[in-house]
Amino acid sequence: MTGSDRDILIPYLDAQRHSLLNICAGLTAEQLGSRVLAPSRLSLQGLVRHAAKVERIWFRIRVAGEDVPNLYGGPGDPTDFEDVDPTRAPEEVEQLRTEWDLCNDAVLTLPLDLEFLWRGEPMSLRMVYVHVIGEYARHNGHADLLRESIDGTTGR
């Protein structure tokens, strides 16, 4: 509850990251890919894909300036939610875990006040952490509803 910004932001982001996978834990690939809240196109697998895409865009591409391809069509492209194939669910969960490590490594030594331009305005790495935490918190709420609709499990 106290400490440097890094001592607060990184563990809080890690908690949000792991919440998503805890919600998904124990489900089959078919369940992960199922769209159970019609008319929504959301699935747990789509949320996992979206999280990997968002992490890569913000930490590796925008902040660290890595020359890596976008995942699932990149910013604003709905491919992460639309092109879901349950047979790929296990590898896509693993891809998210790998992306976490790559993102952590990409920004580990960068100062939190490092700035880059986004939409013509300066943004700091510190704000990227806050943004990605918010992204996970929002989608973890969606994930809770999806999981409950699949098998009644809550509170993961």
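Good morning. I begin with two helices, α1 (residues 5-24) and α3 (residues 44-63), whose axes come within 10 Å and cross at roughly 160 degrees. Axes here are lines fitted to C-alpha atoms, for helices over the stretch in contact, and angles run from 0 to 180 degrees between N-to-C directions. Helix α1 is therefore roughly antiparallel to α3, a label for angles over 145 degrees.

The model is predicted, so that local features need pLDDT of at least 70 and side-chain atom pairs count only at pLDDT 80 or more, while totals for chains, interfaces and linings use all residues. Residues are numbered from 1 along each chain as its sequence is written, and side-chain values use heavy atoms, with hydrogens and water left out.

Which residues of α1 and α3 meet? From α1 come Leu13, Arg17, Leu20, Leu21, Ile23 and Cys24, and from α3 Leu44, Leu47, Val48, Ala51, Glu55 and Phe59; contact means heavy atoms within 4.5 Å. By class, this contact has 10 nonpolar, no polar and two charged residues. Leu and Phe are among the types counted as nonpolar, Asp, Glu, Lys and Arg count as charged, and Gly is among the polar ones.

I turn to the whole chain. It has six helices and two strands, where helices are DSSP runs (H or I) of at least four residues and strands are runs (E) of at least two. From the N terminus on, the order is α-α-α-α-α-β-β-α. The C-alpha trace spans about 45 × 35 × 25 Å along its principal axes. Finally, 41% of the 156 residues are buried, that is, under 20% relative accessible area with a 1.4 Å probe, protein chains only.

Notes. Parallel < 35°, antiparallel > 145°, perpendicular 65-115°, else oblique. Buried < 20%, exposed > 50% of the residue type's maximum accessible area, 1.4 Å probe, protein only.
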